[in-house]
Amino acid sequence: MFPHPLLPARTLRRAALWAVLLGGPAGADEDPRIAFLSRQLTTAVDPRVRAQAALTLGTTEAPGALGPLCTALADPVPLVRASVARSLPELHDLSALDCLAVHATDPAPDAAGEIRRSLALLRKVKERTPTVDVWVEPVRDPSTPPLGESLCGEARTRLVKRLTWSGARSDAVEAAQQASKRKPAYLLQPTLLRADGGGLVMAAVCLTWPSKQILGEVRVTGRGGTPPDLVRALVPRLIEDAASTFEWELAP
């Protein structure tokens, strides 16, 4: 772990301990770490703990982390606000632009600088001209017992956000009819499956859009973590493999 410029080494060692404590079993339909870190961000007396909670929330890339982080931009301590601003782009969620813009005139120089940097990064991504359209169908869940709607919904959200961050125009397939006609365009039909040994397989069939001619399938497998952690790790790997296989022009 490399020292973070905003935090002392002692706080970072505490964060490593959190990672161990929070790495235990979790249900497929929820990730208790987001709730834990959100409580730390809101209620911890030590501002260094709140700052580290903010940084860790960003690394989760979880959809549920955006709200707590945006709220924490009003924290009374500049260190915490700076950590929140640094963390928000790590979510790969362009919705963070709205709450950062509200706090663009932060009176503390360090916090204001982090907010400006994060705003510039997110605006650069938002203003980038899309190179490809990739629409995403709901994630299929044929496992027995099912993995659950919550995990599948999070997987779809992560796919759309990561594709958008990488330079694609992407959304749920329901939005495709309203989008301007661009070439090339594709449709992803993703699936989550249980793998032997408690792992997960994420697969996706790729079709042309709107003709729906099947081009092929990519799949990746992960083991050794909770279902939300495995989804987080598998999504960028799946998109990388799909971009290589189907020759999408995406940003690194």
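Leaving aside its neighbours within four places in sequence, leucine 193 is in contact (heavy atoms within 4.5 Å) with Pro142, Ser143, Leu147, Gly199, Leu200, Val201 and Arg219. This is a predicted model, in which local features need pLDDT of at least 70 and side-chain atom pairs count only at pLDDT 80 or more, while totals for chains, interfaces and linings use all residues. Residues are numbered from 1 along each chain as its sequence is written, and side-chain values use heavy atoms, with hydrogens and water left out.

Leucine 193 belongs to strand β3 (residues 185-195); helices (H or I, at least four residues) and strands (E, at least two) are DSSP runs, numbered from the N terminus. With a relative accessible area of 24%, leucine 193 is partly exposed. Buried means under 20% relative accessible area, exposed over 50%, and partly exposed in between, using a 1.4 Å probe and protein chains only. Threonine 221 lies 28 residues from leucine 193 along the chain, and their C-alpha atoms are separated by 9.3 Å.

One of the contacts of leucine 193, Gly199, is found in strand β4 (residues 199-208). Glycine 199 is buried, at a relative accessible area of 3%. Not counting residues up to four places away in sequence, glycine 199 touches Leu193, Arg194, Gly222, Arg223 and Leu230. Between the C-alpha atoms of glycine 199 and glycine 222 there are 5.5 Å, although the two are 23 residues apart along the chain.

Stepping back to the whole protein, there are nine helices and five strands, arranged along the sequence as α-α-α-α-α-α-α-β-α-β-β-β-β-α. Of its 252 residues, 50% count as buried. Among contacts with a separation of 6 or more, 65% come from residues 24 or more positions apart.

Strand β1 (residues 132-136) is largely enclosed by the rest of the structure, because five of its five residues are buried. In a regular strand the side chains alternate between the two faces of the sheet. Both faces of β1 are covered, with Val132, Val134 and Val136 buried on one side and Asp133 and Trp135 buried on the other. Strand β1 runs parallel to strand β2 (residues 168-172), and five bridges join them; two strands pair if DSSP finds at least two bridges between them. Within this pairing, tryptophan 135 has aspartate 171 of β2 as its bridge partner.

The axes of helix α5 (residues 78-87) and helix α7 (residues 109-127) come within 8 Å and cross at roughly 10 degrees. Here axes are lines fitted to C-alpha atoms, for helices over the stretch in contact, and angles run from 0 to 180 degrees between N-to-C directions. The crossing angle makes α5 roughly parallel to α7, a label for angles under 35 degrees. Pro78, Arg81, Ala82, Ala85 and Arg86 of α5 meet Asp110, Ala111, Glu114, Ile115 and Ser118 of α7.

Most residues other than glycine have a negative phi, and most peptide bonds are trans. The peptide bond from threonine 144 to proline 145 is cis, with omega near -5 degrees, and proline 145 lies in the loop between β1 and α8 (149-165). Another cis peptide bond joins tryptophan 209 and proline 210, with omega about 5 degrees. Lysine 212, in the loop between β4 and β5, has a positive phi of about 60 degrees and is partly exposed at 45% relative accessibility. Histidine 92 has a positive phi near 55 degrees and counts as buried at 13% relative accessibility.

Note on methods:
Angles under 35 degrees count as roughly parallel, over 145 as roughly antiparallel, 65 to 115 as roughly perpendicular and the rest as oblique.
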